[in-house]
Amino acid sequence: MSTKGSMGSQIVTDPPKGTRDFPPEDMRMRTWLFNNFREVSRLFSFEEVDFPMVESEELYTRKAGEEIVGQLYNFEDKGGRKVALRPELTPSLARLVLQKGKAQVFPLKWFAIGQCWRYENMTRGRRREHYQWNMDIIGVPGVEAEAELLAAIVMFFERLGITSKDVGIKVSNRKVLQAVLEKYEIQADNFAPVCVIVDKLDKLPRDVIESELAKINVPSEAIDGILKALTLQSFDDLEALIGAESGAVGELKQLFALAEGYGIQDWLQFDASVVRGLAYYTGTVFEGFDKDRKLRAICGGGRYDRLLSTYGGLDTPACGFGFGDAVIVELLKEKKLLPKFPHVVDDVVMALEDSLKIKAAGVAAQLRKSGRVVELVIEKGKKMRWVLKQCETLNAKFLVLLGTTEWEQGGKVTVKNLATREQTVKTVDELIESMSALNV
Amino acid sequence: MSTKGSMGSQIVTDPPKGTRDFPPEDMRMRTWLFNNFREVSRLFSFEEVDFPMVESEELYTRKAGEEIVGQLYNFEDKGGRKVALRPELTPSLARLVLQKGKAQVFPLKWFAIGQCWRYENMTRGRRREHYQWNMDIIGVPGVEAEAELLAAIVMFFERLGITSKDVGIKVSNRKVLQAVLEKYEIQADNFAPVCVIVDKLDKLPRDVIESELAKINVPSEAIDGILKALTLQSFDDLEALIGAESGAVGELKQLFALAEGYGIQDWLQFDASVVRGLAYYTGTVFEGFDKDRKLRAICGGGRYDRLLSTYGGLDTPACGFGFGDAVIVELLKEKKLLPKFPHVVDDVVMALEDSLKIKAAGVAAQLRKSGRVVELVIEKGKKMRW
C-alpha cells in the first residue's frame, strides 16, 4: 500500500491552514468550556439541537454586504451543488423551524454548540473555524426573551469567575437607526446595508464609513444624522432624538427593568453605537465586551423577527446570540481565570509478573465496573520507577499491584495509597468497599 | 435584505442530501449515546482528542482499492487546495502523533467522537455522514492493547443492556492471510489489495471475488487457498493450515486468554473470514455483529503497525476501532433497549400578573443559581391551563 509519504517524504503534519487539532489537554479545556455552555443552557431549560456542517449556499446568499457572507467557505460538491461549510448557526435553525411548519409549537428555546467556518486571506494568521454557542428563543415577541438571553450570558460569565468589572454588555436597538432613517426618508431596503456599514465604525475610519454610505445613496445630511445617533449613551438623549413614544425607547426601558429583576443590571449599558454586523437583526442588539478594551467582542446577538420570511416562510419573532470559543479563552487567560486541565485517574493497576497479566485484566475490569477510572499497565517489562512516574502523571489515587505471593492468598492485591503512601494487602472486593467508604 | 426565498418561494427546508438535523429529541438520544461512548472511554483512562473535519486529501490517497477512498467527499477549496471532509479519524490521529515527533511519550490511549463523511450515489438512500467513536492505543506492540479495546466495546454494550446473546465480536488476524500469501509467494505489495477484495466476500458473489483477485495477478491456486483459509473457525484448523508457531496463532491464543481475564470470552469468537476493508491493518482484526444477522457490522477495528511509515514517519505499533452511530441505534430499537428522551425541568415559574414579571425573573434567577433547571414563562397572557 502506498501513499504520498512512502517515497520518504513526510505528509504535512500540521492541520489545514486556519484549523486546530485538539490534543488531550486542549480537548479537556474545550470540554470544560462547552460543559459550561451546556450547563447554563440547561438551567434555563433550553434544549440542545444540531444541524449539518454543510448547508446549501442559498441559506447565506444575503445581499447586504456582510463580512460573514463575503468570507463564506463555499465550494461545489461532486454533484455540482453549491454548498458551504456553515458560517453561523442561525440560518440552519431557521430552516429547521420552517421544516416543522404548522406542526411547530412555540415558543422554542433551543441552544447549539457548533463549529462554524469562514474562508479569508490567511495573511493575518486568523482562524478559519471556531466553535460557537448559540441560544435562541423563537416565538416570543417581547423583550422578556432578550432578557432571558442576557441573564444566561451573565450566568455563564459568573460561573467562570468573571465579574461586571471585567466585562460589560452594550445594548441597543435597531429601531433607533430605523427611526433615524425614516426621518430622512431612506428606503426600507437600505436598512440592512446601512447597519452593516455603520457596524464597522470601530474598525474603519469615519470617512471610509461616510463614503460607503454615500455609495448606497444615503444623502450626506442623513449620514450626519446617523453617525450622531450612534453616539448616544443615555435614554434621555435617545428620547430627545427620536421621541419617548418610539418603539426603541419602550423596548430598551423594559429590557433594562427586567434586567434589574434578574439582578444583572450592573452588566448592561445602553450604547447606541452597537449595531452588530448581521443583516437580519430588527430590534434589540447587544454585544459583550472586555472593559480593558484589549479584546474583540466576546459575544453578540439580537432580535431577528423577519428572518423566516426571507426564507419564504411566515415571520416568527425570534432572538438569539452567538458566543465564540476564541475571545473568551483569551479573556480568561488575561484574568488568570483559566484552570489547568490535568489527566486524572483513580487507580493504576499492574501485574508484577507476566504470569499475572490475565488476572490483572480482571482486577481492572472489576474496578471499572464499580465506576472507577482505571489505567491498566499493558506495556511489557516496566519497572516500579516507571510505574510510579505514571501514577504521578495521571494524578492517580491508588496503585494496585498483583504479585504471586499475595494473589495465591485468595486473590489479594497490594494497594498503595499514593496520597498517604500507606500500603495494604486486600482482595479487590475489600478494596472497592474501602474506597467507596472513604469516598475516594 | 433579500435572499432566494423572498420572491415567495421557500428555501429547501430539508438538510442537504444524506445529512441529518438533530431537533431536540434526536439530540437527546445522540447526547445519551455519546455520553456512553465517553464514559466507557473515561473508565479505561483514555483521553479525548479531536481533529479538523477538513483535511488535506493526501491523508486518504491510499491505492488499495478501498471503498472508503473511492467514496471520498473531496473538493477543491477556494485556494485550489485538494481537501476532503474526513472519511475516518485514524489518519488524523496518525498525523497528530507524527506532529509531536520525538517529543511524544508512549503509550497513547486516545479516543474521539467525530463526524465522518462519504460521497456516494444517493440512489440507495444512504447517509453521507455519521458519527464515529474511536479508541486507539499507540505504542503498545502486544495484544494486551487489543484486549483493552475489546473489553471497552463489551463494557459499552453491557451498559446499554445488550448481552452476548444479542451481539458477538468476530476476531481474526491478518497474519493468517499473510501466511497464506507467503505460502503462494504473492508479493507483499499485493497484501492490502487482497485484503480489501476478500473483505467483500459477504457482500459479493464468490466468482466476482475470484475475478477481482485474478485481476491483481493472484494465481488461481492461491485464490483457492485464500478462500479456504477464510472459512476456518477453530484454532486447531488454523494451526493445521499455517503452523502452530505462526505469529497469528500465538497472538490469537494470547488475545483469547486475556479476554478470559476480563471476563469477556463469551462475546468473542475466532472467525478467519473477518478481514475488514481498510488497507492498513497488519495484525488482529475484529468486528462486532448482530447475532440475528439482520444488521450490518456494528463496529470494527484492528492493529495497524505500519500506518505511520506510509506517512513518512517511523513505524509505531498501533491499534484501534471505529464504532458508528447508525447500526447501534438500529440494534437498540430491535432489542427494545432504546430509552425515551423527554425534556425534563425542575421548576416552571410564572407571574400571575404582568406587574410581577420582573420579580418572577428574580425568582427564576435564584432557583437557577441554586442549580435547578427552571422554565420561566415569558410569553404574555398565558392561562393556567397552558
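Q: How many salt bridges does the structure hold over all chains?
A: In this predicted model, the count over all chains comes to 63 salt bridges.

Q: And how many of those are between chain A and chain B?
A: Between chain A and chain B the count is 12 salt bridges, and by class the side of chain A that touches chain B has 50 nonpolar, 25 polar and 34 charged residues.

Q: Which residue of chain B does Arg368(A) meet in a salt bridge?
A: The partner is Glu148(B), with an N to O distance of 2.8 Å between the two side chains. Arg368(A) sits in helix 13 (residues 357-369) of chain A while Glu148(B) belongs to helix 4 of chain B, so this pair joins two chains.

Q: Are those two buried or exposed?
A: Arg368(A) counts as buried because its relative accessibility is 1%, and Glu148(B) counts as buried because its value is 0%.

Q: What about Glu375(A), what does it pair with?
A: Glu375(A) forms a salt bridge with Lys109(B), and the closest N and O atoms are 2.7 Å apart. Here strand 13 (residues 374-376) of chain A supplies Glu375(A) and strand 5 (residues 108-117) of chain B supplies Lys109(B), so this pair too joins two chains. Both Glu375(A) and Lys109(B) are buried.

Q: How much area do chain A and chain B bury between them?
A: They bury about 9000 Å² between them, with 58% of it on carbon and sulfur atoms. In terms of contacts, 109 residues of chain A meet 109 residues of chain B, and 44 residue pairs across the interface are in polar contact, both residues being at pLDDT 80 or more.

Q: Switching to annotation, where does UniProt place the "binding site" feature in chain B?
A: The UniProt record, an unreviewed entry, puts that feature at Glu88(B), Leu89(B), Thr90(B), Arg118(B), Gln132(B), Asp136(B), Arg276(B), Tyr280(B) and Tyr281(B).

Q: Where is Glu88(B), and what is it in contact with?
A: Glu88(B) lies in the loop between strand 4 (82-85) and helix 3 (90-100) of chain B, and with 4% relative accessibility it counts as buried. Leaving aside neighbours within four places in sequence, Glu88(B) is in contact with Tyr60(B), Arg62(B), Ile68(B), Cys116(B), Leu278(B) and Tyr280(B). With Arg62(B) there is a polar contact of 2.8 Å between the side chains.

Q: Since Tyr280(B) is on that list, where is it found?
A: Tyr280(B) is in the loop between strand 8 (268-270) and strand 9 (284-290) of chain B, and it is buried, as its relative accessible area is 3%.

Q: Over in chain A, what does the side chain of Thr284(A) make a polar contact with?
A: The side chain of Glu146(A), at 2.7 Å. Thr284(A) is in strand 9 (residues 284-290) of chain A and, at 1% relative accessibility, counts as buried. Not counting residues up to four places away in sequence, Thr284(A) touches several others, including Val143(A), Val171(A), Glu251(A) and Arg303(A).

Q: Last one: which residues of helix 12 in chain B are buried?
A: In helix 12 (residues 327-334) of chain B, the residues Val327(B), Ile328(B), Val329(B), Leu331(B) and Leu332(B) are buried. These buried residues pack against helix 1 (24-43), helix 4 (144-159), strand 7 (167-173), strand 9 and strand 11 (318-324) of chain B. Just after helix 12, Lys336(B) takes a positive phi of about 55 degrees.

Note on methods
Residues numbered from 1 in each chain as written. Chains lettered and ligands numbered in written order. Predicted model: local features only at pLDDT ≥ 70, side-chain atom pairs only at ≥ 80, totals over all residues. Heavy atoms only, no water. UniProt positions renumbered as here; feature names shortened; annotations may be inferred. Helix = DSSP H or I, 4+ residues; strand = E, 2+ residues; numbered from the N terminus. Buried < 20%, exposed > 50% of the residue type's maximum accessible area, 1.4 Å probe, protein only. Contact = heavy atoms within 4.5 Å. Polar contact = N/O pair within 3.5 Å; in protein donor to acceptor, adjacent residues only side chain to side chain. Buried area = accessible area lost by both parts, 1.4 Å probe. Salt bridge = Lys/Arg side-chain N within 4 Å of Asp/Glu carboxyl O. Nonpolar A, V, L, I, M, F, W, Y, C, P; charged D, E, K, R; others polar.
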